[in-house]
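Hi,

Here is the structure I promised to hand over. My notes follow below it.

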Amino acid sequence: MATLTTTHQARAHLLGVYAPTPHLFVRGEGTWLIDDTGRRFLDFTSGIAVTALGHGHPAVRRALDEAAESGLIHTSNLFRTDPAEALARELAEHSGLDRVFFCNSGGEAVEASLKFARRWARRDGDAPERFGVVALKGAFHGRLFGSLAVTDRPRYREPFEPLMPGAVFIDAADPDALEKVDPSTIAALIAEPIQGEGGVRPLPDEVLRRFRQWTTRHGVALILDEIQCGLGRTGTLLAHEPSGVRPDILTLAKPLAGGLPMGAVLMTEEVAASVHPGDHGTTFGGGPLVAAVARAVLSEIATPAFLAEVRRKGDLLTEHLEGIRLRHPDRILEIRGRGLMRGVRLSTPIAPVVEAAQEAGLLLVGAGPDVIRLLPPLTVSDDEIGEAMDRLEGALQATETSRAVAS
Ligand SMILES: Cc1ncc(COP(=O)(O)O)c(C=O)c1O
């Protein structure tokens, strides 16, 4: 109780939009977070898919030190700096897209992508009615007025309506629903190749290709949101790569700068040509320090050997999970996802399991009320995967007993 009171008092000046755990973290080492009592926790959240290289990776620290040493932390976009230009070139080379706009978060990247899509939709003169956006059931794209409008969460949306108008939600399991949408009112179709917050649900490649055909046929921008699933998480640098689809616009953020806030919107030359000076901007976007760190992150992740390791470790994680499922068939209903982005759907609410895992020193995050999301750093070791899975199974067992006691 004393701890709770102290925690409450310590947090008295933070806005109460989050409900963090009581542990106060003071250090990070690879896959581990260490609290102020010295207790070590296996971090299978990576700060919600952000710290892809783990905590305190030498490449990130080196880039931070060098950037700080140069004294060039911020200049504004009034002036040129090398890291942003170099990072944009590298992102273009890796993605097959042409131009990049830098911002500071995922929500901002989505917001910018919607503006660019509208600009492009009106490229052949005035088409004021062309502003709608097709989004998917279960989608999460952020909490700003545009990104929230294409997010399928009534609880997040309703208190703040009216949002950006024109969002139309369809079910990815029924792509025929697209044929009922009037394309002359639509500027963009936005989709996550793997829904993160929506429950770790991969979009089948054939559905993605169908979206590409429909958007191409009607001159609508295809926006892929890889803010959570992109940059190596699924075992390819970009999650949509296996589909062979080339989007018009691609959003990135979370892991891009190794834990520093950064978002990016990548686009084709055609989309870029419709955006003009003054159409959009942000003070901090693409600053030299964050861009230098992002270059270091990208050069670690974007190698065939690193990505092959992510795939191998993803398979190992699944093997462990399948083993647990065999031993607890009544608790685990489904295992979904790719690479090191996995969802475990339970037959019972996940909250007590997440809590029990934390007690056992394993940090987990949910994706909805019944899916546990596993997002370890991409640098996680085989032993850490094994250890985490032992702790997860222990948490399932512990909550099995309490379920039995409760009933
Ligand atoms: C797919 C996706 N898009 C956008 C966002 C919003 O990013 P941010 O929280 O950085 O605004 C998130 C955050 O979880 C996300 O998962």
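The protein splits into domain 1 (2-57 + 304-406) and domain 2 (72-301). Those bounds come from an automatic or database domain assignment. This is a predicted model: local features need pLDDT of at least 70, side-chain atom pairs count only at pLDDT 80 or more, and totals for chains, interfaces and linings use all residues. Residues are numbered from 1 along each chain as its sequence is written.

**Domain contact**

The C-alpha centres of domain 1 and domain 2 lie 28 Å apart. Across the boundary, 26 residues of domain 1 are in contact with 24 residues of domain 2. Contact means C-beta atoms, placed from the backbone, within 7 Å. On the side of domain 1 that touches domain 2, helix 11 (304-327) is among the elements that supply at least two residues each. Strand 13 (332-338) and strand 14 (341-346) are others. Helix 11 gives the most, with five residues. Helices (H or I, at least four residues) and strands (E, at least two) are DSSP runs, numbered from the N terminus. By class, this side of domain 1 has 13 nonpolar, eight polar and five charged residues. Ala, Val, Leu, Ile, Met, Phe, Trp, Tyr, Cys and Pro count as nonpolar, Asp, Glu, Lys and Arg as charged, and the others, Gly among them, as polar.

**Core**

The largest nonpolar core has 111 residues, of which Ala188, Ala221 and Val293 touch the most other members. Helix 10 (residues 288-301) gives the most to this core: ten residues. Domain 1 and domain 2 each put in at least three residues. A nonpolar core is a set of buried Ala, Val, Leu, Ile, Met, Phe, Trp, Tyr and Cys residues joined through C-beta atoms within 7 Å. Buried means 20 or more other C-beta atoms within 10 Å of a residue's own, exposed 12 or fewer, and partly exposed in between, with C-beta atoms placed from the backbone. Not counting residues up to four places away in sequence, Ala188 touches Leu114, Ala117, Val133, Val220, Ala221 and Ile223.

**Ligand**

Which of the 14 residues around the ligand come nearest? They are Gly106, Gly107, Gly142, Ile227 and Gln228. Near means a C-beta atom, placed from the backbone, within 6 Å. Helix 5 (residues 106-121) gives the most to this shell, with three residues. The shell has four nonpolar, seven polar and three charged residues.

**Helix 12**

Helix 12 (residues 351-359) buries Val353, Val354, Ala356 and Ala357. The face turned away from the buried side carries exposed Ala351 and Glu359.

Best wishes

Terms used: Contact = placed C-beta atoms within 7 Å.
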